[in-house]
Amino acid sequence: MATRIHEITDLVKRAAEDAGFDLSGIAPAADTPELQHFPEWIASGHAAEMKYLEARDDRGDLKRASLARVAPWARSVIVCAINYNTDNPYSTEVHDPDRGWISRYAWSREDYHDAVLRRLRQVEAALSEAVVGEPMWGGHSCPPTLTTRSYVDTGPIVERVFAKYAGVGWVGKNTCIINQTKGSWLFLGVILTSLELAPDLPAPDRCGTCTRCIDACPTDAILAPYQLDSNKCISYLTIEKRGSISEDLRAGMGRHVFGCDICQDVCPWNRKAPSSTAPEFAHRPGLVNPALAWLAEMSAEEFRATFRASPIRRAKRSGLRRNAAIAMGNSGNREFLPLLDQLAADEDDSVADSARWAKERLLASNL
Ligand code: SF4
Ligand code: SF4
């Protein structure tokens, strides 16, 4: 039986590689010490308005705090990771005042949720074929029943914690999963399975004494190593936050219009990060360091057409234009003043309010 479990585990990892994943590993479907901090993190308000993280079960317990409670049938978690890096500069290397920054993961043509889920389904199918079609399982003629569930961000599970226990990478002080050879430009997908597979060893923490990400974060969102306050994080502010952004955070947002890569750009483990081989993650022209005026003036129709299958839809047109107005205020470029005048009269309150703030900031700046 033990030999067969190892064979199936190897088969799963080969299937992950065949599906195009760069890394895969197996974690036991057990509650880990890290998950005990999750309710505390939620209670402290550090998840900001991301209510989906606060999903609760019938007893009122947080679903993501205990896999054992929410999926008691699960025995193993298959964690798969795929590199989405492209051969383009880091945000910390470009300084064009006419242009903004869209996070690296959102440059692709296809939404990563779909691209990763499609690959997970391939792994799930290979596992199912190997187990359910098995004529003899450990000496028993009856094959075991198999339950599997694939998730990309949407499951009742804190993926990065299980990625650590699957040996895929360690959780860095910036709270991202980092792999020793691939870096941290990784999308994660997980498959919960009722089958007990051979677990990998947890990845050791290799952050050491480094604090680059904490020092570089412009809004001090990394409160302490491994502790993120989403309320201050530019990724949260530009993507998830609806309505106006608190004025005291706007200057720190720089020219970020969707997401933020700074704490990964400065990470030494990303210095030699390889590029992805997955065709879906090739960058779309125009999204690397995009023109701020283009984003701010984008019509509803153009937004729909441009971002049809893109994760950028999540910010909505309103959020993207709001962010572009703030970025113009932080650009030091007074050529944006006429456009900001127009935006200050926009029918969307958060766009108009941001444009007024940006105008004042540009006029007050010493050029
Ligand atoms: S994504 Fe940006 S704002 Fe958020 S923690 Fe990293 S550096 Fe700070
Ligand atoms: S920048 Fe340094 S401390 Fe931060 S995640 Fe990378 S290695 Fe860890």
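This is a predicted model: local features need pLDDT of at least 70, side-chain atom pairs count only at pLDDT 80 or more; totals for chains, interfaces and linings use all residues.

Me: What makes strand β7 mostly covered?
Reply: Buried means under 20% relative accessible area. In β7, residues 186–193, eight of eight residues are buried. Hence the label "mostly covered".

Me: How do you know which faces of β7 are covered?
Reply: Take each side in turn. L186, L188, V190 and L192 lie on one side, and all are buried. F187, G189, I191 and T193 lie on the other, and they are all buried too. Both faces are covered.

Me: Why are β2 and β7 called paired?
Reply: Pairing needs at least two bridges between the strands. Strand β2, residues 76–83, has eight bridges with β7, in the antiparallel sense. C80 stands opposite G189 of β7.

Me: What makes β4 and β7 a pair?
Reply: The cut-off is at least two bridges. Strand β4, residues 148–151, and β7 have four, again antiparallel. T148 has T193 in β7 as its bridge partner.

Me: Why are α13 and α15 called roughly parallel?
Reply: Angles under 35 degrees count as roughly parallel. Helix α13, residues 316–329, and helix α15, residues 349–364, pack at about 5 degrees. They are therefore roughly parallel to each other. Their axes are 7 Å apart.

Me: Which residues of α13 and α15 meet?
Reply: Contact means heavy atoms within 4.5 Å. In α13, the residues include R321, R322 and I326. In α15, W357, R361 and L362 are among them. The residues of this contact divide into eight nonpolar, four polar and three charged.

Key:
Residues are numbered from 1 along each chain as its sequence is written. Chains are lettered from A and ligands numbered from 1 in the order in which they are written. Side-chain values use heavy atoms; hydrogens and water are left out. Buried means under 20% relative accessible area, exposed over 50%, partly exposed in between (1.4 Å probe, protein chains only). Helices (H or I, at least four residues) and strands (E, at least two) are DSSP runs, numbered from the N terminus. Axes are lines fitted to C-alpha atoms, for helices over the stretch in contact, and angles run from 0 to 180 degrees between N-to-C directions. Angles under 35 degrees count as roughly parallel, over 145 as roughly antiparallel, 65 to 115 as roughly perpendicular and the rest as oblique. Ala, Val, Leu, Ile, Met, Phe, Trp, Tyr, Cys and Pro count as nonpolar, Asp, Glu, Lys and Arg as charged, and the others, Gly among them, as polar.
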